[in-house]
Every structure is written in C-alpha cells, then in structure tokens.
Amino acid sequence: MISITVTALVFGVIFLAELPDKTALAGLVLGTRYRASYVFAGVAAAFLLHVVLAVAAGSVLTLLPQQIVHAITGVLFLGGAAMLLLQKGEDEEEIKKPADQSFWKVAGTGFMLILVAEFGDLTQIMTANLAARYDDPISVGLGATLGLWAVAGLGIVGGKALMKRVPLRLITQIAALLMLGLGVWSLYEAVAG
C-alpha cells in the first residue's frame, strides 16, 4: 500500500534538491533545442532507472539495526545539506545537437546525459537514504520519481521563467533546510532509540 505522506515528503525533498542541480539546467538546454516530449521521454526513463537503483540500495540498508540506519541516514542528510549550502552556481554545459532529430536520437541523448550525470548524485543518495529511513520502497520510489520528473518537466518546458521569478539560492536553502531537519531527526532517533 502506498503512503501518501511518505510519497509527498519524498517528492518535496527530491524536487527541491534537484531544482538547483546541473541536470535540471541540462534538461532546460535540451528542451530549448529539441522537441520537449522527446527530451522528456529520455530524461524520465533515466531518472526512473536511477530511482530503482537508489531504492534497491536503500532497501539493503534496512537489513541493518534501526539505530545504525538512523545514524547513517542522519549523517548523510547532514552531508547533503552541507553540499547544497556550499555549492557554487554551475554553468550550463554545452550539449551537442544530434544531426538526427528523430525520437530515438533525441530521447537517447536525454537518457544518456541524465544517466551519466546523475549517477551517484545527491538526489540518488537522498533517495537511498529515504528508502532506508521509511522502509517503504514503493512510496519512496514513487515520490522520488515524480519529484525528478516534475523538475525535468519544469526544466524542459519552463525553467527559464521559474528561475527569473524564484531565486535559485532560495530554492537551494529550502532544500538544505529540509535535509538538515531530516538529518537532525534521524540522529535524534539513533540516539534516543
């Protein structure tokens, strides 16, 4: 059974953490050069693969004693918050335009870009942490996938307009604050439990 609460929490955390990420900017660049639906198909498939891998890794962590899982996830969340607060703005990477504008070429370009760029990325690590924390792989996977897809869609279709209205630094600070709260809570549970 899917927990709406866990799905919504994971969606929010992953959405906010992914917004300032370079892959959101890469999706924006691809979306300005190619048919948006083709780009989204490739990007969405790559994100889905990353979430499946992250949830599987997080599910393995649930085999450990709860106090150890809480301590590990707490430290990793605090590290993620620090990474968000300390990162400097990243420039858009140059993305080569394929000569062929077919669905498979464009979707393949988006898929490969995200597959490589997101491997071991902060949101993938966060997804694994959340899967370990909540021991609800379906709800965590659904929330993470929807959060990543939402950012990809925003980046591909309307990223420029969003970034003009909401400062990227504010989005980053909100994501860091959420991660800090989750980290402190996890460490508290590790000590209290």
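## A tour of the aromatic rings

Start by selecting Trp149: with a relative accessibility of 28%, Trp149 is partly exposed (between the limits for buried, under 20% relative accessible area, and exposed, over 50%, using a 1.4 Å probe and protein chains only). Before moving on, note that this is a predicted model, where local features need pLDDT of at least 70, side-chain atom pairs count only at pLDDT 80 or more, and totals for chains, interfaces and linings use all residues. Residues are numbered from 1 along each chain as its sequence is written, and side-chain values use heavy atoms, leaving out hydrogens and water.

Now zoom out: searching the whole structure gives five aromatic pairs (rings of Phe, Tyr and Trp, the last by its six-membered ring, with centres within 6.5 Å; planes under 30 degrees apart are stacked, over 60 edge-to-face, the rest tilted).

Select Tyr38 and Phe103 next. Their ring centres are 5.2 Å apart and their planes meet at 85°, so this pair is edge-to-face. Tyr38 belongs to helix H3 (residues 36–61) and Phe103 to helix H5 (residues 103–118), so the contact ties together parts 65 residues apart in sequence. Helices here are DSSP runs (H or I, at least four residues), numbered from the N terminus. Phe103 is partly exposed, at 29% relative accessible area.

Phe40 sits in helix H3 and Trp149 in helix H7 (residues 137–165), so the pair joins parts 109 residues apart in sequence. Phe40 is partly exposed, at 28%.

How values were computed
Helices (H or I, at least four residues) and strands (E, at least two) are DSSP runs, numbered from the N terminus.
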